[in-house]
Amino acid sequence: MRKLVQSHATEFALLAVIAAICAVLSLTTDSFFSLGNAFDLLNTSSVNIIFAVGLLVVLIAGGIDISFAVGASVVQYVTALILGYIGGGGWMSGLLIAGSLGILLGAFNAFLIHRFRIISIVATIATFNIYFGLLMFFTQGVSIYDLPDWLTDRVVLFEHEMADGTWAEITLPVLVMVICVAATWLFITRTTTGRQLYAFGDNPEGARRFGINIGAMQFIAFGWLGMMAGIAGLIQAHYAQEVVPNALYGRELDVLAAVVLGGARLGGGKGSVLGCVLGVLLIAITQNGLNLLGVSPFAFKMIVGAIILVAITLSNTSIEKLLPFMRGARR
Amino acid sequence: MADIPGTGAKPLLSLHNINMTFGGIKALKNVSFEVLPGEVHCLAGENGSGKSTLIKIITGVYRPEDGAVIEYDGQTYSHMSPVTAQANGIQVIWQDLALFPEMTVAENIAFQTVIGRWPRFVNYRTMRDIAVKALQRLGVALDVDAPLKDYSIAQRQIVAIARALVGEAKLVFMDEPTASLTQSETDHLIEIVRSLSASGVAVVFVSHRLAEVLEISNRLTVLRDGALVGVYPVEGMTQSRVTELMTGKNFDQQVRAKSVRDNPVVLEVKRLSRPGQFHDISFNVRSGETLGITGLLGAGRTELALALFGMLKPRSGSVSLHGKPVRFSSNRDAIKAGIAYLSEDRLSLGLIQPQSIADNLVIASLDRIKSGGLLSDDRKRQLVARWIADLGVKIGRQSDAVSTLSGGNQQRIAIAKWLATDPKLLILDAPTVGVDVGARAGIFEIVAKLAESGLAIILISDEVPEVYFNADRVLHMAQGQIAGWFDPQSCSLQDIEAAVYA
């Protein structure tokens, strides 16, 4: 047990913080501690978690991506247009189209980074502007409301009637999220390619001397994020039941903050899927709690900003050092 | 040279007619090289002599020019590839180790198992078994599940060696393996190399530290300017002979010590102590004097120097400069008072590699080149020109980046940077680490000239010959205390070495 705590100190620290926040919110509000609210949190966080596990892979490989959220907007829009063109489609074709488009956009980032040796933050700030600029230019900012029925119909996977007559529901985005999380976990911890990504992020020169294909690593990392972003884009359209070109604009920073909060290191080689999920949940729970406490929504941004600050500060020191009971847990 | 007299052994590796050209410059000229099975072989040569090029040819990183013959383990090749080299048991432990600090020890050692083009599932249990077995073979106990970053450099070195053994190594190259190790860690490493050699693995050792090379190797191959100087048995070799072979120059060192008893005292240290680091240290340094401080790593030499430079606070005792007691609250105070300290890692920390020679040289003395509150380019140029000439630094233009200079010339720039602050006391901590044997002599020429001009100098080194030949008095520190004083004019090098390594 001690060993487990040591090797997953960030995750345990996050769990502790989440537990503390939940305890406070359960005592101060009457609606936080309910199945309905818990399920709601999962439903609303799903898209961000899918983004986050994608971004995690890029961070582990030593890169960073600013463009994935607007990339997802592009994917949403183009997928909606293609679905309209082929006359509807279904979940299978929708996910396939969105995933492939996402991979293409990610591969373009990897191409710029690998072929022209542009550092990833610069390359993706550029593509962030290009993707978003192209999208706004061609769409004139016009939203699409006329989506296929399968895409806008809510799919309830599990429901439970509460004492007060409301329904607590788990919906499709949660299932997709769980699959994406499981796939990413399997990929980065249990496959040789995943371990090569970690090694590449940890010590690129060392990885190169082992004969690891550096170019392939970039394409795989950014391709994986692209695929996750594409899927997240489609799920967000499903959840919102519309495609608004600038709906995801700005989401990249929230997700980045959550992933770094979850223990991923800007600079590569470090980060876990569990930490990443907990990071997103921590921010989501904080927002949810503020909401229930009646704090003005205008304050949310400020508080998320503070969390980003804390996350970046901790990306090098790690959160457990600030918590007295975790001290000494690491050698 | 096919058979070594008395052994009759067939070489494990033999290279002939190796030529390599980079951008019109011949890096290797018709070089031959042989390694016997299970021997410890030293590859010696100055920086740029072609050692690393040769290693990279053997490990398949470079392809030699046509006509090369590489015979390894009964097979003949015209060139190697990294894959064939590794598959046939040729392993390199690079100077920077090429390890992955965030991963576990097990994964670092058995990383070979996750290499390959096509994705497979990782078998952590196999990895763990491989790692445990490799460490057992080295007789080392490490927690294979702990992340590598929890371990010291010396232990990481062992992990790198264990990793090399996983590939069923027959021939292991070690590139400067002891550069960042302490004496006892080096001893442990040498033991490991011996046991490898005893178990039939040939080890090729590349090192600047001649003492340990001579201690450990059976044979020695010397390269100079890309050409083979010769292959020699190590028995009967001396450090100065190897230096001569490597540089082609004769460095018959003379004891420089002189008497400076009549000069005024610059620095007076009385009963200086800092618990756990140094205890009851008293000495003085006179103008024009070079005081040598030697002792094993961990003897408290560097801590003492840092205390004199204001970076560590002594608990008790006093320091006075020119008779006036001083107490520094930071190294800025010490610099202002006229103390300059060249740290051991000056090449990486002391110089800003991408910036120009001129900017590096004046960075600690910007106050001196001000004119009307702003920096004056003219004054800067004059100051730089003066020091470049004084120290005989070979440069192209003042605006060239420091990184374009050789190690020895970079060292001179680092010294010049401090001299430009016009110090009264110059502390040199291991000034020749990472500097070629040939360039070392040049550095000590400068030290002697500076002393002659009246500067007080403290020369710290763990290489006894350096202080013996270049200091006027030698202070031997052990376990934080003064263990003895030596006067090079009236004692032999062996006297001091016997005391230090006792």
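Predicted model: local features only at pLDDT ≥ 70, side-chain atom pairs only at ≥ 80, totals over all residues.
Residues are numbered from 1 along each chain as its sequence is written, and chains are lettered from A and ligands numbered from 1 in the order in which they are written. Local features need pLDDT of at least 70 and side-chain atom pairs count only at pLDDT 80 or more, while totals for chains, interfaces and linings use all residues.

Me: How many helices and strands are there in chain A?
Reply: Helices (H or I, at least four residues) and strands (E, at least two) are DSSP runs, numbered from the N terminus. Counted that way, chain A has 14 helices and 2 strands.

Me: What radius of gyration does chain A have?
Reply: The radius of gyration is taken over C-alpha atoms, and the globule rule is 2.2 Å times the number of residues to the power 0.38. The C-alpha atoms of chain A fill a box of roughly 60 × 50 × 35 Å along the principal axes. For 331 residues a compact globule would come out near 20 Å, and chain A agrees with this, at 20 Å.

Me: Is Pro173(A) buried or exposed?
Reply: A residue is buried if 20 or more other C-beta atoms lie within 10 Å of its own, exposed if 12 or fewer, and partly exposed in between, with C-beta atoms placed from the backbone. Pro173(A) sits in helix H8 (residues 172-190) of chain A. Because it has 25 C-beta neighbours inside 10 Å, Pro173(A) counts as buried.

Me: Which residues does Pro173(A) touch, not counting residues up to four places away in sequence?
Reply: Two residues are in contact if their C-beta atoms, placed from the backbone, lie within 7 Å. By that rule, and leaving out residues up to four places away in sequence, Pro173(A) touches Asn43(A), Ser46(A), Val47(A), Ile235(A), His238(A) and Tyr239(A).

Me: Why does Gln140(A) count as exposed?
Reply: Gln140(A) is in the loop between helix H6 (120-139) and helix H7 (149-152) of chain A. Its phi is near 55 degrees, a positive value in a residue other than glycine. Most residues other than glycine have a negative phi. Gln140(A) counts as exposed because its C-beta neighbours inside 10 Å number 7.

Me: Which helix gives the most to the side of chain A that touches chain B?
Reply: The contact takes 19 residues from chain A and 17 residues from chain B. On the side of chain A, the elements that give two or more residues are helix H9 (192-202) and helix H10 (204-209). With 7 residues, the one that gives the most is H9(A).

Me: Which domains does the assignment give for chain B?
Reply: Domain bounds come from an automatic or database domain assignment. The C-alpha centres of domain 2 and domain 3 of chain B lie 41 Å apart. The assignment for chain B gives domain 1 (1-89 + 168-250), domain 2 (99-166) and domain 3 (265-500).

Me: How many of the 8 residues of helix H9 (residues 301-308) of chain B are buried?
Reply: Among the buried residues of H9(B) are Arg301(B), Leu304(B) and Leu308(B). After H9(B) comes Gly310(B), with a positive phi near 80 degrees. H9(B) is largely enclosed by the rest of the structure, because the buried residues number 7 of the 8.

Me: Which are the edge strands of the open sheet of 6 strands in chain B?
Reply: Two strands pair if DSSP finds at least two bridges between them. The sheet has mixed pairing, in the order E16-E19-E20-E13-E21-E22. Pairing on one side only, the edge strands of chain B are strand E16 (339-342) and strand E22 (481-486).

Me: What is the bridge partner of Leu428(B) in E20(B)?
Reply: Strand E19 (residues 425-429) and strand E20 (residues 456-460) of chain B run parallel and are joined by 5 bridges. The bridge partner of Leu428(B) in E20(B) is Leu459(B).

Me: Which residue in the turn between E21(B) and E22(B) has a positive phi?
Reply: Strand E21 (residues 473-478) of chain B and E22(B) run antiparallel, joined by 5 bridges. The two strands form a hairpin with 2 residues between them. With 12 other C-beta atoms within 10 Å, Gln479(B) is exposed. The residue in the turn with a positive phi, of about 50 degrees, is Gln479(B).
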